Amino acid sequence: MSGLQKILKERLGIHLLDYEVPDHSNSIKYSLGGMTMTSFGVLVISGILLAQFFNPTPERANSSVHFLMDQVYMGWFLRGIHFWAGEILTVTLVLHMIRVFYTASYKKPREVNWLIGVGLFGLMINLMFTGTVLKWDQEGYEALDHFLWVAGKFGILGVPLTENFSPGIPLLSRIYMAHISLLPILTIMLLGLHLFYIKYHKLSAKPDGTDTGKSITFAQHTAYLRRAGAGVFTFICLLALTISPPLGNVPIMGLEVTKPPWQFVWIYALENIWVPSLIVAPFLIGFCLVSVPFIDRSPETDPKKRPIAMLVLWSTIILFAALILWGKFTTMTHSM
């Protein structure tokens with residue numbers, strides 16, 4: 001060991017990362033969380049750069065995004081990276097949660113970390129929603145209009161989420177502050193806790209009993225994550241280079257002609273069946289996710305021996321896939 005390495009280990013505590021993890025951690029399905037973190041990191045960095053060109057007022061928000069896309073050198077590419085990092089994060093995050101459920105990694109002693117993960121999932125949804133609103137085109141306006149309808153149903157409890165809470169300050173500006181400060185700060189705090197409990201409880205074993213018993217060092221695992229992260233970033237860049245993210249013009253107030261992004265279009269379908277789904281569905285989904293480790297108390301982790309859990313999992317996947325497709329091709333049957 002060189003003198004510099006020794007000094008760094010003593011001063012920075014890098015040696016604390018020299019612990020063993022199961023060798024199956026170096027696989028795609030057990031690295032989905034790391035890939036999600038890569039996308040989140042790309043979102044943070046690109047978001048800081050985008051903030052230099054964004055004007056968070058209803059009069060200038062949309063035109064400032066158009067200016068970025070059309071006038072700023074490589075601005076179209078920067079926004080493309082931010083947009084596609086969010087899309088990739090959505091996919092890897094959902095796949096990560098499916099993997100955790102499939103392998104029963106939410107069971108004792110990891111119940112708390114599952115709840116933290118659910119909290120992170122909720123924060124990511126809010127980041128995606130606020131990001132959609134901020135471009136302030138017709139899609140963003142209509143998304144906010146639906147949100148305000150929901151907030152209005154909560155009476156005085158919903159006032160902090162409306163224009164009436166701070167007269168004189170545009171709601172769009174407050175949404176912008178939540179998007180760039182409150183939500184990222186909460187996300188980073190929960191992410192730190194999430195990583196701590198992964199370290200504390202260690203990576204869960206394979207549920208089917210096929211563990212080899214072999215271990216690798218955490219340094220080897222981080223090397224694998226760096227390669228996976230590089231692949232994710234390369235894919236994001238390729239998408240940004242080839243497919244421009246959607247951006248409309250200044251919204252026409254009182255008009256409903258767009259559909260939400262695919263991450264939210266499932267609730268569009270439910271809304272056509274029963275309008276209060278806008279309120280009921282998110283709370284019901286959150287309640288179900290929080291309840292998982294308290295309902296399923298069995299120590300069994302093998303998917304083949306958990307038929308009810310697998311039925312719930314695959315039924316949920318099929319249901320949401322069907323709702324997304326239905327929402328994509330159905331038409332609006334009512335107006336806010």
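1. A residue counts as buried when its relative accessible area is under 20%. The model is predicted. In it, Phe54 has a relative accessible area of 16% and is therefore buried. Tyr176, at 11%, is buried as well.

2. A search of the whole structure gives eleven aromatic pairs. In one of them, the ring centres of Phe54 and Tyr176 are 5.3 Å apart and the planes stand at 40°, so this pair is tilted. Phe54 sits in the loop between α2 and α3 (61-70), and Tyr176 belongs to helix α7 (residues 171-201), so the pair ties together parts 122 residues apart in sequence.

3. Phe83 and Trp84 also form an aromatic pair, with 5.1 Å from centre to centre and 85° between the planes, an edge-to-face arrangement. Trp84 is buried, with a relative accessible area of 14%, whereas Phe83 is partly exposed at 24%.

4. One aromatic cluster is made up of Phe101, Tyr106 and Trp114.

5. Helix α2 (residues 32-51) packs against helix α8 (residues 218-242) at an angle of about 50°, and their axes are 9 Å apart. The two helices are therefore oblique to each other. The crossing of α2 past α8 is right-handed.

6. On the α2 side, the contact is made by Gly34, Met35, Thr38, Ser39 and Val42. On the α8 side, Leu225, Ala228, Gly229, Val232, Phe233 and Ile236 take part. Of the residues in this contact of α2 with α8, seven are nonpolar, four are polar and none is charged.

Methods:
Residues are numbered from 1 along each chain as its sequence is written. This is a predicted model: local features need pLDDT of at least 70, side-chain atom pairs count only at pLDDT 80 or more; totals for chains, interfaces and linings use all residues. Side-chain values use heavy atoms; hydrogens and water are left out. Axes are lines fitted to C-alpha atoms, for helices over the stretch in contact, and angles run from 0 to 180 degrees between N-to-C directions. Helices (H or I, at least four residues) and strands (E, at least two) are DSSP runs, numbered from the N terminus. Angles under 35 degrees count as roughly parallel, over 145 as roughly antiparallel, 65 to 115 as roughly perpendicular and the rest as oblique. A crossing is left-handed if the near helix is turned anticlockwise from the far one by less than a right angle, and right-handed if clockwise. Contact means heavy atoms within 4.5 Å. Ala, Val, Leu, Ile, Met, Phe, Trp, Tyr, Cys and Pro count as nonpolar, Asp, Glu, Lys and Arg as charged, and the others, Gly among them, as polar. Rings of Phe, Tyr and Trp (its six-membered ring) pair if their centres lie within 6.5 Å; planes under 30 degrees apart count as stacked, over 60 as edge-to-face and the rest as tilted. Buried means under 20% relative accessible area, exposed over 50%, partly exposed in between (1.4 Å probe, protein chains only).
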